[in-house]
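Subject: Structure handover

Hello,

Here is the structure for your files. Please look it over alongside the notes below.

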Amino acid sequence: MTAPRRYWIEFDRQECSDARFWEGVGVTGFDVPDCLSMLADLVLDGPLPPVRRITVDISLAEPLPVNRCLGVSVWRGVWYPPVNLETGPTRSIDRRGAPSDYPAPVTESRHVRAGETLRTKTTWWDEIPHIDGLRWPLVTMHSAEHSRGIRHSAPALRAACAKDPTYGHMLREALDYMIAWHPTPDEWFDPTETRFADQRDLDEYLRAFRDYLSGDRPEPICPPGSEPLSPEDQYLRAVRILFGTRPEPIDAPGSERLSPDADPRLPRDE
């Protein structure tokens with residue numbers, strides 16, 4: 001069976017009595033009949049209205065013709081209106097309720113690998129659902145500049161997801177998209193400047209981060225380069241920040257080792 005795809009379906013508004021369908025409907029399914037059958041289940045007083053247009057692989061990077069909360073578009077089911085926020089993914093498959101007459105889908109796939117385009121064009125992270133409102137938890141906090149703070153920011157982020165379920169759904173949907181996109185280490189380095197050794201490590205990192213936010217994992221995996229600094233490195237870093245220059249080779253407070261260029265110390269009783 002093929003992987004589910006994201007569809008945007010528009011009906012003939014003049015023959016549509018259900019106001020929920022007037023602006024369009026977002027559905028994720030295996031094919032058009034699969035999506036239409038799930039929509040037919042939402043109609044209680046008759047068949048579906050005539051379909052005017054079907055767009056397959058609709059991008060969520062651009063604003064949709066609706067300005068309301070979306071469900072989880074990586075789940076099979078109806079995500080606008082956000083039906084699957086209450087029902088979860090739709091498991092059963094029954095295409096019998098789908099009409100047989102509908103227009104051919106129009107493909108709108110703008111997925112572009114970062115290595116295949118200039119930075120001025122669309123890149124893979126621009127396609128992440130809700131990226132405009134979730135850039136910090138999806139990209140910025142994983143960058144080399146902020147990676148050492150992830151131990152403090154990740155628990156706060158998980159608490160925010162638990163406090164606001166809608167926010168949590170949006171974030172997990174975006175992470176599911178990122179995992180499904182399967183970014184290469186080079187693609188991940190482009191927006192974050194964090195380098196993973198191989199594809200397996202990056203995939204494991206993203207899955208662990210999603211599972212941690214969902215409460216299925218006690219700790220996330222910290223990104224490369226986020227290991228705590230030693231006391232000596234912390235001291236040197238503080239001096240560098242304070243004076244804006246590289247410090248002379250000296251011993252950090254509490255360190256018993258000598259810097260290479262430091263004069264030998266004499267015992268106190270000499």
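Predicted model: local features only at pLDDT ≥ 70, side-chain atom pairs only at ≥ 80, totals over all residues.

Residues are numbered from 1 along each chain as its sequence is written, and side-chain values use heavy atoms, with hydrogens and water left out.

T28 lies in strand β2 (residues 25-29); strands (E, at least two residues) and helices (H or I, at least four) are DSSP runs numbered from the N terminus. T28 is buried, at a relative accessible area of 2%. Buried means under 20% relative accessible area, exposed over 50%, and partly exposed in between (1.4 Å probe, protein chains only). The side chain of T28 reaches the backbone oxygen of S73 at 2.5 Å and makes a polar contact of 3.0 Å with the side chain of W79. A polar contact is a pair of N or O atoms within 3.5 Å; within protein, one must be able to donate a hydrogen and the other to accept it, and residues adjacent in sequence count only if both atoms are side-chain atoms.

S73 sits in the loop between β3 (51-56) and β4 (77-80) and is also buried, at 3% relative accessibility. Its side chain is joined to that of E173 by a polar contact of 2.3 Å.

Helices

The buried residues of helix α6 (residues 185-192) are P185, E187, W188 and T192. They lie on the same side of α6, because they cover an arc of only 160° around the axis (taken from the directions from the helix axis to the C-beta atoms). These residues pack against α3 (135-138), α5 (165-181) and α7 (199-213). After α6 comes E193, with a positive phi near 60°.

Helix α4 (residues 150-163) packs on α7 at an angle of about 50°, with the axes 9 Å apart. That makes α4 oblique to α7 (under 35 degrees is roughly parallel, over 145 roughly antiparallel, 65 to 115 roughly perpendicular, the rest oblique). Axes are lines fitted to C-alpha atoms, for helices over the stretch in contact, and angles run from 0 to 180 degrees between N-to-C directions.

Cysteines

C161 is buried at 5% relative accessibility, whereas C222 is partly exposed at 28%. The structure holds zero disulfides (pairs of cysteine sulfur atoms within 2.5 Å).

Regards

Conventions. Contact = heavy atoms within 4.5 Å.
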